[in-house]
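Hello,

Here is the structure I promised to pass on to you. Have a look at it first, and then read on for what turned up in it.

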Amino acid sequence: MKFLIQRYRALTEREQMLVAISGVFIVVAVLYWGIFAPLNTSIEREQMRLQNQEKLLTWVTERTNRAQQLRQASGKPNQFSGSLPQVVNDTTTRFNIAISRMQPQGEELQVWVDQAPFNDVLGWLQAMESMGIVILNADIAEADESGQIKIRRLQLGKA
């Protein structure tokens with residue numbers, strides 16, 4: 001550090017002024033490009049994610065309201081009678097959904113799917129519900145590929 005101070009003092013007054021101005025410019029540049037710009041970019045990215053999540057929430061809320069209206073309009077669902085695992089196997093084959101695991105629990109059935117297209121799963125669940133099978137519990141997550149989901153656990157029962 002002493003070496004730098006000695007070198008600075010050895011410079012002419014004009015050179016010292018240029019070094020000081022350059023130093024201020026470098027400090028401002030480091031603050032802007034090292035702190036402010038990345039922080040600003042991060043804030044903009046998070047605002048976009050928030051807007052996307054709000055749009056998704058609105059869409060899900062609208063679909064939920066529509067589903068509730070359709071349930072009320074259709075009256076009491078069909079009473080299902082038969083083998084729950086057999087119907088699940090038949091309908092998943094029809095909708096091209098590969099079940100990774102299925103576990104009966106009394107009158108209920110738990111189903112796991114590693115990866116399936118969202119639209120196919122939605123159609124499958126609607127078909128099951130129209131047969132009188134109810135969804136008791138669902139844990140669904142986004143898969144690695146776009147438009148694909150994982151069913152971590154889906155608990156089905158008879159209406």
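Arg 63 has a relative accessible area of 42%, so it counts as partly exposed (buried means under 20% relative accessible area, exposed over 50%, and partly exposed in between, with a 1.4 Å probe and protein chains only). Its side chain meets that of Glu 62 in a salt bridge, at 3.9 Å from N to O; the term stands for a side-chain nitrogen of Lys or Arg within 4 Å of a carboxyl oxygen of Asp or Glu. Glu 62 is partly exposed too, at 43%.

Before going further, a word on the source: this is a predicted model, in which local features need pLDDT of at least 70 and side-chain atom pairs count only at pLDDT 80 or more, while totals for chains, interfaces and linings use all residues. Residues are numbered from 1 along each chain as its sequence is written, and side-chain values use heavy atoms, with hydrogens and water left out.

The structure holds 4 salt bridges. Another of them joins the side chains of Arg 49 and Glu 46, at 3.4 Å from N to O. These two are 3 residues apart in helix 2, so about one helical turn separates them (helices are DSSP runs of H or I with at least four residues, strands are runs of E with at least two, and both are numbered from the N terminus). Glu 46 is partly exposed, with a relative accessible area of 38%.

Lys 158 forms a salt bridge with Glu 107, where the closest N and O atoms are 3.5 Å apart. Lys 158 belongs to strand 4 and Glu 107 to the loop between strand 1 (101-105) and strand 2, so this pair ties together parts that are 51 residues apart in sequence. Lys 158 is partly exposed at 32%, whereas Glu 107 is exposed at 55%.

Strand 4 (residues 148-158) also pairs with strand 3 (residues 133-142), in the antiparallel sense and over 9 bridges; strands count as paired if DSSP finds at least two bridges between them. One example is Asp 139, whose bridge partner in strand 4 is Arg 153. The two strands form a hairpin with 5 residues between them, and Gly 147 in the turn has a positive phi of about 85°.

What lies inside? The largest nonpolar core has 17 residues, and Val 88, Val 111, Val 121, Trp 124, Met 128, Leu 154 and Leu 156 have the most contacts inside it. Such a core is a set of buried Ala, Val, Leu, Ile, Met, Phe, Trp, Tyr and Cys residues joined through side-chain atoms within 4.5 Å. Helix 3 (84-94), strand 2 (108-117), helix 4 and strand 4 each give two or more residues to this core.

Leaving aside neighbours within four places in sequence, Trp 124 is in contact (heavy atoms within 4.5 Å) with residues including Val 88, Phe 95, Ile 151 and Thr 91. Thr 91 lies in helix 3 and is buried, at 2% relative accessibility.

On the surface, Leu 56, Trp 59, Val 60, Phe 118 and Leu 122 form a nonpolar patch with about 400 Å² of accessible area together. Patches are made of residues with over 30% relative accessible area and no salt bridge, with like charges joined within 9 Å and nonpolar side chains (Val, Leu, Ile, Met, Phe, Trp, Tyr) within 5 Å; accessible areas come from the Shrake-Rupley method with a 1.4 Å probe, and for residues only the protein chains shown count as cover. Helix 2 (13-74) and helix 4 (118-130) each supply at least two residues, and helix 2 gives the most, with 3.

Best wishes
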